[in-house]
Amino acid sequence: MQRHSHSLLLVHIVWATGERSPILGPRADAWLARLLRHRAYEAGGLLLAVGNAADHVHVLVRYPSTACVATVVQRLKGASSHAWNAALPARPDRSRLSWQAGYWAESVSPKDLPAVIGYVEGQRRHHGEAREPEAWEAVLHEDHSVGGGGRHVIPRCPM
């Protein structure tokens, strides 16, 4: 008899545009969601929810036990900025997409999925209201760095 492993790894990830530039308009939401869903699938994961504000992206991902969060984030961020910039010819009135170094990530319990999905998908509405800063926002300030070098280095997956 062959044994099989089972894992349910869920993570809520947030990353911001370079310099927190408000370049993610609502018209980009569906395009970005399709791209991120496809890239998550290619990485062996499943994008459960995505939501954007003008200057940041939230995703909820189920990822395989053979991947690490840093690798999943790196693939999502890299693929999305590359595809955005390739799809939109450079013009003086159009900003190129770059992502701020680093990201915020938090594991999610399966029992919290409905609430987290609602939160992630409601980002446009959420950021249109007066509110207190959230925990992830302090982590993603432009001046946040590791080791004082002005850069946040994403660790490589040991696999």
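Me: Which residues of helix H2 are called buried, and what makes a residue buried?

Reply: The buried residues of H2 are Val 69, Ala 70, Val 72, Val 73, Leu 76, Lys 77, Ala 79, Ser 80, Ser 81, Ala 83, Trp 84 and Asn 85. A residue is called buried when its relative accessible area, found with a 1.4 Å probe and counting protein chains only, is under 20%, while over 50% is exposed and anything in between is partly exposed. This is a predicted model, in which local features need pLDDT of at least 70 and side-chain atom pairs count only at pLDDT 80 or more, whereas totals for chains, interfaces and linings use all residues. Residues are numbered from 1 along each chain as its sequence is written, and side-chain values use heavy atoms, with hydrogens and water left out.

Me: What do the buried residues of H2 pack against?

Reply: They pack against strand E1 (9–16), helix H1 (29–42), strand E3 (56–63) and strand E4 (104–107). Helices (H or I, at least four residues) and strands (E, at least two) are DSSP runs, numbered from the N terminus.

Me: Why does the span of helix H2 agree with its number of residues?

Reply: The expected span of a helix is 1.5 Å times one less than its number of residues. Helix H2 (residues 69–87) has 19 residues and should therefore span 27 Å, and because its end C-alpha atoms are 27 Å apart, the two values agree.

Me: Why is Gln 123 called buried?

Reply: Gln 123, which is found in helix H4 (residues 123–126), has a relative accessible area of 0% and is therefore buried. With neighbours within four places in sequence left aside, Gln 123 is in contact with Gly 51, Asn 52, Ala 53, His 56 and His 58.

Me: How many residues does the chain have, and what share of them is buried?

Reply: The chain has 159 residues, and buried residues make up 40% of them. Its secondary structure comes to 5 helices and 4 strands, which follow the pattern β-α-β-β-α-β-α-α-α along the sequence.

Note on methods
Contact means heavy atoms within 4.5 Å.
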